[in-house]
Amino acid sequence: MDGYDERHPDDRLAGNHPLLLMRDGAPVGTARLDVAGPRLGIVRLVAIEPNLQRRGLGRILMQEVENYARGFGLERLEVNAAKEAEGFYQSLGWMTVRSDRNPLMTKALNPGEIPS
Ligand SMILES: CC(C)(COP(=O)(O)OP(=O)(O)OC[C@H]1O[C@@H](n2cnc3c(N)ncnc32)[C@H](O)[C@@H]1OP(=O)(O)O)[C@@H](O)C(=O)NCCC(=O)NCCS
């Protein structure tokens with residue numbers, strides 16, 4: 001994505017977890033999980049290597065992010081999605097809670113829980 005600042009201090013804040021998806025020893029995708037409270041995580045900076053998109057890696061990346069978030073006891077995730085990526089999150093079970101240029105979307109991590 002354009003505009004990423006690798007020296008941005010948010011990547012190094014306690015509670016913010018920059019993550020890499022590795023395949024055969026090489027990074028193929030990235031996401032950051034920010035632990036925003038005892039139950040809520042915010043997902044940011046989600047991306048798959050451009051020439052590897054639409055092959056299932058984004059799905060794997062988000063499953064791993066969800067598992068990682070459960071390890072902190074988080075119950076719900078949010079993302080301010082890129083409009084073009086809304087369908088991607090929807091296909092992974094996320095729901096749009098505010099339609100916008102960057103729709104706010106949420107996913108409950110515990111099956112059966114209704115996001116508040
Ligand atoms: C969005 C992104 C992370 C998806 O990763 P990906 O590896 O291409 O996604 P996958 O191949 O794992 O797709 C998983 C599912 O989402 C769907 N999907 C993927 N991208 C989609 C899109 N842009 N619109 C609608 N559906 C999409 C796929 O069809 C697939 O559905 P299915 O399993 O039911 O067939 C990737 O396209 C990307 O890096 N985009 C540029 C950066 C970006 O927009 N990041 C999101 C910022 S919030």
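This is a predicted model: local features need pLDDT of at least 70, side-chain atom pairs count only at pLDDT 80 or more; totals for chains, interfaces and linings use all residues.
**Entry 1: the ligand shell.** I looked up which residues surround the ligand. There are 19 of them, and Val46, Ile48, Arg54, Gly58 and Arg59 come nearest. I sorted the shell by residue type and found ten nonpolar, five polar and four charged residues. I then checked where they sit in the chain. β3 (40–48), α1 (57–70) and α2 (86–91) each give at least two residues to the shell. The largest share, four residues, comes from α2.

**Entry 2: polar atoms at the ligand.** A nitrogen atom of the ligand lies 2.7 Å from a backbone N or O atom of valine 46. A polar backbone atom of arginine 55 is 3.2 Å from a ligand oxygen. For phenylalanine 88, a polar backbone atom is 3.4 Å from a ligand nitrogen. The ligand taken alone exposes 910 Å², and the protein buries 72% of that.

**Entry 3: salt bridges.** I counted nine salt bridges. In one of them, aspartate 11 pairs with arginine 32, with the closest N and O atoms 2.7 Å apart. Aspartate 11 lies in the segment before β1 (16–23) and arginine 32 in strand β2 (residues 26–35), so this pair ties together parts 21 residues apart in sequence. Buried means under 20% relative accessible area. Aspartate 11 has 9%, so it is buried. Arginine 32 has 5%, so it counts as buried too.

I also found a salt bridge between glutamate 66 and lysine 107, at 2.8 Å from N to O. Glutamate 66 is in helix α1 and lysine 107 in strand β6 (residues 104–108), 41 residues apart. Both are buried.

Conventions: Residues are numbered from 1 along each chain as its sequence is written. Side-chain values use heavy atoms; hydrogens and water are left out. A residue is near a molecule or strand if one of its heavy atoms lies within 4 Å of it. A polar contact is a pair of N or O atoms within 3.5 Å; within protein, one must be able to donate a hydrogen and the other to accept it, and residues adjacent in sequence count only if both atoms are side-chain atoms. Accessible areas come from the Shrake-Rupley method with a 1.4 Å probe; for residues, only the protein chains shown count as cover. Ala, Val, Leu, Ile, Met, Phe, Trp, Tyr, Cys and Pro count as nonpolar, Asp, Glu, Lys and Arg as charged, and the others, Gly among them, as polar. A salt bridge is a side-chain nitrogen of Lys or Arg within 4 Å of a carboxyl oxygen of Asp or Glu. Buried means under 20% relative accessible area, exposed over 50%, partly exposed in between (1.4 Å probe, protein chains only).
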